[in-house]
Amino acid sequence: MKIAVIGAGASGMMAALQAARVGAAVSLFERNASVGRKVLVTGSGRCNITNDAAAAGAYACADPRWMETLLGQFGVTDLLTTLAGIGVLAHKTADGWYYPLSESARTVVDAFDSALRLAGVELCALAQVTAIQPGKGRFTVRFLREDMQEERLFDRVIVCAGGAAYPSLGSRGELFPALARLGHTILPNRPALAPVLADLGDLQPLEGVRLDLGAAVWKGDQCLGASRGNAIFTKWGLNGPAVMDISHHVSAHPPADLRLSLDLLAFFREEFDQLLARSRQTDMPLRVFLGAFFPPKVSATFAGIARVPEDTAMKDVSDRALRILQGRLADTRLRLNGVRGFEYCQVSAGGVPVGEVDPVSMQSRRVPGLYLAGETLDVVGPCGGYNLQYAFSSGAVAGRSAAGAG
């Protein structure tokens, strides 16, 4: 069985390794000079491998049952076992995020590179695949290498070429036209897990501040998506997991229709209410009360919004000013201007809808013998290892199935 795997990112490396271990002759095509370039930048170079909460409901895709089927075949435990087998040991943080013990994405890529070589995978580096042509039970794969057009025949093809995120690392979504010619629907690529562009308005003084908060994207009275996590205020908007996890909702709609809601009390609302009740009729300064929860710059900004001097005793803060303060802390609405581009996002949404691929095998429902995995499909998970888990899972199932073990 001769199998071509196109793309040597997380899903492609896993697909090639699994197929070769089953006994297939695997050729791994990669437009870069080496494997795993996008993996190297994951987790800020630490490689957030997976997450204990990586379940179907955490992902944005057209059919949660599709994701449930996929993860049921190759889930978190399967991934950790497979990684340990190639020399990548992992540790878990208190919140369920997994990283290699080395705390280095480089060691993960090196382990895959070694495992692929030991399994006999042929790496066709600096090769850009331009076309996939089925015919008479086989596939012709055409590619450019050293400015020369070449072609080779394969029994199966696994496309793991990625979307459009990180174009500087070679992922530009260039194979989607080829998949469209084969009969697949291609949803437009758009940034996901991206920083959001927003007018900070009277929160402009918070530029540079990092906070844990709740965030939600609203279209009129409809909440499109909500998240909780860390965020940093910037001159152009906000960055960090709290907003990145819901950025795919922003890129899917005209920004003029959207508003971003920030809840600065999301992580300690009960403690806030308790301290407010105890201090409301005391001489405690507003600055001290707010300082129990926020850094000075945040306290000063919101006291200014409520038009109350920071040294005002809590007993002298008017009920109206307190309502304004609480309301803005719990729900400040910002006008959205979109998201930052593909060069700033961690993954892209769009591509082939999951309904066009069998989750039991990752085989195309349109083209027998063609398998799709990773960012080629329209799947987005939140920050925290979810997207690498999906990439590894889809690649493992595709590799095994294409080689006849699935």
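**Entry 1: strands 10 and 19.** I looked up Ile 158 and found that it stands opposite Tyr 371 in strand 19. The model I am reading is a predicted one. I then checked how the two strands run: strand 10 and strand 19, the latter covering residues 370-372, pair in the parallel sense. I noted three bridges between them.

**Entry 2: strands 1 and 10.** I followed strand 10, residues 156-159, to another partner, strand 1, residues 2-6. This pairing is parallel too, and I noted four bridges for it. Which residue in strand 10 is the bridge partner of Ala 4? I found Val 157 there.

Entry 3: I turned to an open sheet whose strands come in the order 3-5-4. The pairing in this sheet is antiparallel. Which strands are at its edges? I have strand 3 (50-51) and strand 4 (90-92), each of which pairs on one side only. Between strand 4 and strand 5, residues 97-100, I noted three bridges in the antiparallel sense. At one of the positions, His 91 has Tyr 99 in strand 5 as its bridge partner. As a reminder to myself, strands of a sheet pair through backbone hydrogen bonds, and the sense may be parallel or antiparallel.

**Entry 4: the second largest pocket.** I looked up the space in the second largest pocket and wrote down about 190 Å³. Its lining is made of 14 residues. Those nearest the centre of the pocket are Ala 226, Ser 227, Asp 245, Ile 246 and Pro 382. Two elements give two or more residues to this lining: strand 14 (222-233) and helix 7 (247-251). Which of the elements has the largest share? I found that strand 14 does, with four residues. Sorting the lining by class, I have seven nonpolar residues, five polar ones and two charged ones.

**Entry 5: the whole chain.** I stepped back to the protein chain, for which I listed 12 helices and 19 strands. Its C-alpha trace spans about 85 × 40 × 40 Å along the principal axes. How much of the chain counts as buried? I noted 53% of the 406 residues. For the accessible surface I wrote down about 16,900 Å², with 50% of it belonging to carbon and sulfur atoms. Last, I looked at contacts between residues at least 6 apart in sequence; of these, 71% join residues at least 24 apart.

Terms used. Residues numbered from 1 in each chain as written. Predicted model: local features only at pLDDT ≥ 70, side-chain atom pairs only at ≥ 80, totals over all residues. Heavy atoms only, no water. 1 Å grid on protein atoms, 1.4 Å probe; cavity = no way out; pocket = protein on both sides within 12 Å on 5 of 7 lines; lining within 4 Å. Points joined across faces, edges and corners; volume = space filled by probe spheres on them. Nonpolar A, V, L, I, M, F, W, Y, C, P; charged D, E, K, R; others polar. Buried < 20%, exposed > 50% of the residue type's maximum accessible area, 1.4 Å probe, protein only. Contact = heavy atoms within 4.5 Å. Areas by Shrake-Rupley, 256 points an atom, 1.4 Å probe, with all protein chains shown as cover. Pairing = 2+ DSSP bridges.
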